[in-house]
Amino acid sequence: MGTVEPDQGFSAALRSATWSDHGDNEGSSYMSALVEGRLGQAEYAVLVAQLYHVYDVLEQAADQMAGDPVAAAFDFADLRRRAALQADLAFFYGPDWAERIALNEATRRYCDRLGEVCFDWAGGFVAHHYTRYLGDLSGGQYIARQVERSLGIGAGDDGVRFYRFPGKPKGYKDRYRALLDAAPWDEREKDRIISEVKLAYRLNAEVTAELSRELHIEPAA
Ligand code: HEM
């Protein structure tokens, strides 16, 4: 039996079908430590480096999918994050940041999956795009405030450009959800997308779990 309720818009159905998977991310030791102010700049920078690899692949996929009318509609120019991540990495690591950042094992697995499903399947692209960009526009805005406060950065946006969008997050989120509701997917395709979002959450959780191990971060008390 499908997980999509027929009387619900797809944006609401997607959110409710995957919200428990979201919790595994929010509750990870690394993310808890980050929002509780228990990490230093160097420990935060390692996450930014992992995210750079992820967005690099996602945005290459967006370029590739530019001719697909369903997928391309979700790729708002304002949401692209690669340049912001590059600026944040230059802030944390200096001008030679590209030689100083490393791809972790879990990030490689995440990027491999993006390579498998985001370049020729519109639903797969949207599943992964949604998981990251709608998150950046939602909890990401809260995370940014915690990071600014605890790391003492953010004046002039340095180090937190990743979380800064030209317009108000709510406007992008409303537009994004309207696109999810209007997309021409049948119930079977919606279920496939929900499964892919669940996988995307798991892959994200594995990235932060690896960072917790690498950086010896304790779970929240
Ligand atoms: C400390 C970590 C996190 C916190 C505190 C957090 C918090 C939140 C909150 C409060 C919302 C709901 C906002 C609203 O209703 O407008 C949200 C939405 C969302 N978050 Fe997170 N989040 C965290 C980590 C993550 C991660 C790591 C991801 C994915 C990689 C993620 C993806 C999402 C997505 C996709 C949504 C939108 C769900 C929807 O409305 O369809 N979050 N987050």
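**View 1. Helix α1 and the iron site.** His22 is part of helix α1, which spans residues 10-26; helices here are DSSP runs of H or I with at least four residues, numbered from the N terminus. The iron atom of the ligand has His22 as its only protein donor, through NE2 at 2.0 Å. Donors are N, O and S atoms within 2.8 Å of the metal (3.2 Å for Na, K and Ca), and since water is not among the atoms, sites may look incomplete. The model is predicted, so local features need pLDDT of at least 70 and side-chain atom pairs pLDDT 80 or more, whereas totals for chains, interfaces and linings use all residues. Residues are numbered from 1 along each chain as its sequence is written, and side-chain values use heavy atoms, without hydrogens and water.

**View 2. The buried side of helix α5.** Ala84, Leu85, Asp88, Leu89, Phe92 and Tyr93 of α5 are buried, that is, under 20% relative accessible area with a 1.4 Å probe and protein chains only. These residues lie on the same side of α5 because they cover an arc of only 145° around the axis, taken from the directions from the helix axis to the C-beta atoms. Their cover includes α3 (41-64) and α6 (97-100).

View 3. Thr107 belongs to helix α7, residues 105-117, and is buried at a relative accessible area of 1%. Beyond its neighbours within four places in sequence, Thr107 is in contact (heavy atoms within 4.5 Å) with Gln50, His53, Val54, Val207 and Glu210.

Technical notes. Helices (H or I, at least four residues) and strands (E, at least two) are DSSP runs, numbered from the N terminus. Buried means under 20% relative accessible area, exposed over 50%, partly exposed in between (1.4 Å probe, protein chains only).
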